[in-house]
Amino acid sequence: MPWYLYIAIRHTFPKGKRLPFFTIMSVTGVVLGTLALVVVLSVFNGFGHAIREVVADTTGDLKVMNGRIFEDYEDKIDLLTESPLVDSAAPSTFGMVMLQAGNRPIFPQVQGIEVDRERKIVPLDDYIRYGNLDELDDDSVLISSGIANTLRIRVGDEVDIYTPLMIERLKQDEVLLPRLMRVAAVFETGFTKIDENTVITTLRTMQDLYGLGDGVHAIKVKLKPGVDADFAARELQGKFEPPFRVSTWLESNADYLAIIEFEKRMMFFILLIIVLVASFSIATSLFTSVVKKTREIGLFTSMGATSQQIIACFCLQGFSVGVVGTAIGFALSFALLSARETIIDAIFSVIGGKEQTMQFYFFSELPVHYKPVDLIVIAVLSISIATLAGLVPSIKAGLLKPVEALRSE
Amino acid sequence: MSELAIAASGVAKSYVTGEATLEVLSSVELSVGRGEFVSIQGESGCGKTTLLNVLAGIESPDTGYVQWGGDRIESLGRNALAVKRGRYLGIVFQSYYLVPEIDSLQNVLMARRIVDGRVGKSQVDEAKAMLAKVGLGDRCHQMPNTLSGGERQRVAIARALITNPAVILADEPTGNLDESTGNRVMDQLRGLCREFGTSLVLVTHNPEHAALADRQLTLSQGAIH
């Protein structure tokens, strides 16, 4: 090992002695900065990753639409399932209704599905919390857990469904009565956007409620395992004439992902300030070290050390602080994130309001996803900033005249 | 005289402090042969340490020049001079200047690390042998703060000799030691220099130590007498 690296390590982490105060403070600064960056970015990545997974799970991989109602969906489903990329496809209708239980109304999203085909795209049975999916018929609905909680309704209760079609008919002096429907089951996907406010009916019921005739709004597509959604969307688009468009779940939910990505970048720059503050601590400490070690610098020069080696010696002290601080910061981050549910439970047991907070963030638990690129960027930046922090004091050390260094008091 | 080890010719050095100019060395002529032991005495503040610094190339003379083994050093750049110094000279300071964060063995090896770049098992064995020669074979892994003053100075002597330099410049190496410890250290320094054929330039206030030299010189009024 070159002498300047050896001395840098020994200055920073002396053998058989207590760690110097400067080392503890500087390493702590880097640890905190790295910890904050890894935890926050991994949680943001977790949100993005979880949204991707949940959206793919709950809505399928691709969607085929033309922005209007179309009736020849069976032909189009056949066209899609001929492709080796496609696992299955199912018709889908969607819209908004008013749902009333007792005197309490809400305005949920509504989807009309064919249960047997939908099962091949979305693991509906896994999401059923109460009741039975097979009980869904043209006079019943599935309601999300959020609606069940808000309206305090259970499986077997009845709800009134009002649709925009009623308003249209009213304009023609025709009155359509609300449709009384039984709750067949309560479902929960884990994705709050869906769980808060969604009702599912059969395709026929939805076509009646919205006056669609035999038409549907879209075809949901599930791809075979390992098929890239963007690639498949491009390939399958060739089978359809405009205005039909094959889009991925990513495009449909681009707003969420863009917000998360933007917030993640902002947090990255804000939290980087912690590492920069730590770098000032390293720089100040190294300046002090250079003053304290002035005679030692003179000694090394008298023994044949070059200016560049002296500079490297002090710069490497900043580097070793950066490496150790980053390593500890990473280890603490992984430990903290693996115990996140315990920590969150402990915090909410004191302050309360866990459910409301989690609902706000769309997920029932805090998602985490480690992105190797992010971890590499954090490590490289933290170590680089720590090393650069040592540069100015190092240059001062390297430029010291040996005679002045040896004479210093 | 035998082959030249180190020499100063016409060396003058003065310092400007405010408006006053203090002339420390006016015209020093000094030649030390290979394996020769030369002692330099003089009153406090007469310029002995300055002369050693100039001989070591740590300080530049105002006029005159210094030769190491017949080569003039004034044309060498800072780094080239430092590298050559590491190979050609060993310096022993009054205050030992051991690195406090590393043990005796590593302090001795430090000189080899700087000169050779890296150290292997043979260099470690050499350093242990050198520590044994100065009577510290059993103190290899002692940290400097656990050693006595005499032991520290012996570590510093081992460090100065480990690179097998042509010349040792010793600046009052016994100045911080009691008489008997100082005598023991001086005996070891002289004995080892003789054993390795290393020239020794000793600056000292101690007339007994100065008397051990092959030549006794005195520095006064900026010149060697």
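At what angle do α14(A) and helix α17 of chain A pack, and how far apart are their axes? Keep that in mind as you open this predicted model.

**Stop 1: two helices in chain A.** Select residues 307-338, which make up helix α14, and then residues 372-389, which are helix α17. Here's what you were asked for: they pack at an angle of about 150°, with their axes 7 Å apart. That makes α14(A) roughly antiparallel to α17(A). Their crossing is right-handed.

**Stop 2: Leu316(A).** Stay on α14(A) and click Leu316(A). Is Leu316(A) buried or exposed? Leu316(A) is buried, because 24 other C-beta atoms lie within 10 Å. Beyond its neighbours within four places in sequence, Leu316(A) is in contact with Tyr4(A), Leu5(A) and Ala8(A). Next, draw a C-alpha to C-alpha line from Leu316(A) to Ala386(A): they're 70 residues apart in sequence, yet 9.4 Å apart in space.

**Stop 3: the sheet in chain B.** Hop over to chain B, where 4 antiparallel strands form an open sheet in the order β2-β1-β4-β5. Colour β2 (20-33) and β5 (71-72) to see the edge strands, each pairing on one side only. Then look at β1 (residues 4-17), joined to β2(B) by 10 bridges. Zoom in on Ser14(B), and you'll find Glu23(B) of β2(B) opposite. Finish with helix α1 of chain B, residues 48-55, which packs on the sheet and touches β1, β2 and β4.

Conventions. Residues are numbered from 1 along each chain as its sequence is written. Chains are lettered from A and ligands numbered from 1 in the order in which they are written. This is a predicted model: local features need pLDDT of at least 70, side-chain atom pairs count only at pLDDT 80 or more; totals for chains, interfaces and linings use all residues. A residue is buried if 20 or more other C-beta atoms lie within 10 Å of its own, exposed if 12 or fewer, and partly exposed in between; C-beta atoms are placed from the backbone. Two residues are in contact if their C-beta atoms, placed from the backbone, lie within 7 Å. Axes are lines fitted to C-alpha atoms, for helices over the stretch in contact, and angles run from 0 to 180 degrees between N-to-C directions. Angles under 35 degrees count as roughly parallel, over 145 as roughly antiparallel, 65 to 115 as roughly perpendicular and the rest as oblique. A crossing is left-handed if the near helix is turned anticlockwise from the far one by less than a right angle, and right-handed if clockwise. Two strands pair if DSSP finds at least two bridges between them.
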